[in-house]
Amino acid sequence: MIYGVNLYNFNVNIESFLSKRARIIDRELKKFINNIDFGQPKLIEAMLYSINAGGKRIRPVLATAAYEIFKPDFRRILPAACSLEMIHTYSLIHDDLPAMDDDNFRRGIPTNHKVYGEGLAVLAGDALLTNAFNVLAMNSKVKGIKPGNVLKAVEILSAKAGAGGMAGGQAADLEAEGYPLEKRFSSAGKLLNYIHLHKTADLIQAGVQIGAVLADAPEKDCRILSNAGRMMGLAFQIVDDVLDVTADKKKLGKSGSDARNKKLTYVSMYGIEKSLKKAEELLDRTRKELSLLKRPASKVKVIEEIAGYICRRDR
Ligand code: GRG
């Protein structure tokens with residue numbers, strides 16, 4: 001039994017696994033942010049406001065689960081796991097700004113800029129992004145983790161969060177508002193996949209990649225996990241598009257602004273039913289990819305279950 005979850009007879013209660021692991025990550029996140037040497041308490045307060053608002057912690061949990069396929073003691077990669085969540089939270093703060101999606105609620109509470117003003121919200125996001133790499137670097141001092149692998153993790157995270165990754169996907173998403181087709185894409189479907197793969201899937205994929213790399217996993221296994229991460233990341237955003245329209249807004253913790261912002265989404269392009277079918281297809285492909293791993297089935301099963309949760313979640 002690991003944290004009350006019996007992983008060995010495949011009876012994984014994934015929601016309980018996720019919430020227990022999320023609590024461990026929450027505690028570390030608070031420690032890291034409170035330990036930042038700072039002279040601006042208001043900025044730290046704004047950072048902690050969005051971090052403490054909760055969230056499912058899918059990206060850091062995925063990193064720890066990928067690590068555990070190869071090595072015990074996931075706590076050794078908690079700095080890296082927290083760095084993923086810090087980058088994710090920064091992206092949400094910026095995404096909610098009036099210059100982007102202009103949302104009033106996130107994670108069930110008023111958005112960062114509604115409480116702290118736009119200037120401080122931009123800075124809280126900037127600081128979370130920058131400090132994330134400081135926290136990730138700390139992982140090189142953890143016993144059993146090779147500093148060279150931390151450097152590889154820095155390479156992965158910076159690429160997946162940057163212009164060729166999440167920020168690039170967000171830029172394409174902004175340009176596609178109102179659905180104009182960018183010239184470099186031959187169809188709206190291709191543009192839509194570009195947006196989703198980069199805006200969302202890249203950071204999810206980075207989570208599983210970083211977990212595997214820090215566990216010093218063989219190249220071939222890293223590649224399999226990377227492929228699986230990309231597919232479950234795409235499924236994640238497709239389900240997010242559906243939830244934006246169908247979910248109970250209270251449970252979702254945000255108001256659902258895609259239609260108001262005339263966003264190019266799976267729902268606006270294919271409708272709800274086809275979108276859900278596509279997410280199911282991606283889940284199947286994720287499972288097939290994971291089955292290529294010649295590793296303890298009980299450990300691989302956890303990632304598979306997280307992918308399943310991604311597709312059937314209601315928030
Ligand atoms: C560089 C100015 C500037 C802004 C960048 C990169 C960026 C803004 C935004 C990223 C795009 C983004 C927010 C994509 C949406 C991804 C997504 C589905 C978020 C919701 O993730 P969950 O459901 O949220 O994991 P919780 O609250 O559970 O963590």
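Helix α4 contributes the largest share of the shell around the ligand, 6 residues; helices here are DSSP runs (H or I) of at least four residues, numbered from the N terminus. The structure is a predicted model, in which local features need pLDDT of at least 70 and side-chain atom pairs count only at pLDDT 80 or more, whereas totals for chains, interfaces and linings use all residues. Residues are numbered from 1 along each chain as its sequence is written, and side-chain values use heavy atoms, with hydrogens and water left out.

The ligand sits in the largest pocket. A pocket is defined on a 1 Å grid over the protein atoms alone, as an open set of points where a 1.4 Å probe fits, with protein on both sides within 12 Å along at least five of seven lines; a molecule sits in a pocket if more than half of its atoms lie within 2 Å of its grid points. The elements that give two or more residues to the shell around the ligand are α4 (78–95), α8 (166–175), α9 (188–214) and α10 (219–246). By class, this shell holds 5 nonpolar residues, 7 polar residues and 6 charged residues. Ala, Val, Leu, Ile, Met, Phe, Trp, Tyr, Cys and Pro count as nonpolar, Asp, Glu, Lys and Arg as charged, and the others, Gly among them, as polar.

Of the 18 residues around the ligand, Lys56, Arg59, His88, Arg107 and Gln170 come nearest, a residue being near a molecule if one of its heavy atoms lies within 4 Å of it. A polar side-chain atom of Lys56 is placed 2.6 Å from an oxygen atom of the ligand. For Arg59, the distance from a side-chain N or O atom to a ligand oxygen atom is 2.8 Å, and for Arg107 the corresponding distance is 2.8 Å. The ligand taken alone exposes 740 Å², of which the protein buries 86%; accessible areas come from the Shrake-Rupley method with a 1.4 Å probe.

The side chain of Asn139 reaches the backbone oxygen of Arg76 at 2.8 Å.

Ile14, in helix α1 (residues 14–34), is buried, with a relative accessible area of 2%. Ile14 and Val302 are separated by 288 residues in sequence and by 7.5 Å in space, C-alpha to C-alpha.

Note on methods. A polar contact is a pair of N or O atoms within 3.5 Å; within protein, one must be able to donate a hydrogen and the other to accept it, and residues adjacent in sequence count only if both atoms are side-chain atoms. On a 1 Å grid over the protein atoms alone, a cavity is a set of points where a 1.4 Å probe fits but cannot get out, and a pocket is an open set with protein on both sides within 12 Å along at least five of seven lines; lining residues have an atom within 4 Å of a point. Buried means under 20% relative accessible area, exposed over 50%, partly exposed in between (1.4 Å probe, protein chains only).
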